Amino acid sequence: AEGKQPFEVVVVSLDGQVVNAWGGQCLQVDCSMAQVGHTDLVLIPGFLFTLKEALPAFPAYGAWLRKQHAQGAVVASMCTAAFMLAENGLLDGLRATTHWAFAELFARRYPGVTLQETQILCEENRVITSGGASAAMDLLLHLIRRFGTPELAHTCSKYLLIDNVRSEQSIYVMWSSPKNHGDGDILRVQHWLEQHFAQAVVIDDLARRFGFGVRNFKRRFKEATGYTPIAYLQTL
């Protein structure tokens with residue numbers, strides 16, 4: 001309705017107590033999760049610098065999150081909060097994204113989730129995940145479009161000096177060569193290339209140097225790393 005606020009925000013913690021944040025701040029909350037019987041939207045902040053320490057606590061949130069989702073709530077995560085959703089089964093069989101720097105860990109830990117780490121946002125079955133820190137703004141604009149109006153989201157983007165719609169975080173990714181593939185022979189080639197990429201490298205000669213047939217080498221290298229040898233060398 002005209003003039004009606006689209007959101008009534010309630011800040012909650014697991015037990016209703018003040019949250020001591022990683023940077024030393026004390027975050028005040030309105031109540032405990034158990035005191036919220038029903039909501040239209042759950043928005044979970046990220047755990048960028050404390051993810052691995054926080055992971056063991058994530059199952060404590062599972063029952064409440066699953067209940068809210070089953071009751072029709074949209075569940076949205078910022079950045080690495082996607083790990084909380086995945087840890088509690090809310091992303092099983094769905095497409096999801098998270099901060100690109102944690103994508104490899106996410107993919108290993110949750111093989112049942114279709115990870116699309118290049119994306120800023122993914123939404124499926126009323127579960128929304130978002131990428132790295134500034135993608136929180138994209139997520140908030142998306143929620144304003146979804147629960148408010150596109151016009152309101154556009155106005156917010158103008159006041160906040162941010163693009164109204166961004167689709168990918170891949171342009172921000174710092175490349176990290178894939179090495180957790182389990183092929184020790186190819187890994188030795190990768191290590192050699194890291195030391196010698198600045199010199200002239202002939203792929204056929206490289207294959208023979210490490211005892212491969214040329215065609216077999218190119219096939220195994222692509223299977224292990226996702227790159228052809230020449231594309232990998234150019235990326236290095």
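Helices here are DSSP runs of H or I with at least four residues, strands are E runs of at least two, and both are numbered from the N terminus. The expected span of a helix is 1.5 Å times one less than its number of residues. The model is a predicted one, in which local features need pLDDT of at least 70, side-chain atom pairs count only at pLDDT 80 or more, and totals for chains, interfaces and linings use all residues. Residues are numbered from 1 along each chain as its sequence is written, and side-chain values use heavy atoms, leaving out hydrogens and water.

Take helix α7 (residues 184–196): its 13 residues should span 18 Å, and the 19 Å between its end C-alpha atoms agrees with that. Buried residues (under 20% relative accessible area; exposed is over 50%, partly exposed in between; 1.4 Å probe, protein chains only) in α7 are Ile-186, Val-189, Gln-190, Trp-192 and Leu-193. Looking down the axis, they fall within an arc of 165° (taken from the directions from the helix axis to the C-beta atoms), so they line one face of α7.

What about charged pairs? A salt bridge puts a side-chain nitrogen of Lys or Arg within 4 Å of a carboxyl oxygen of Asp or Glu, and the count comes to 11.
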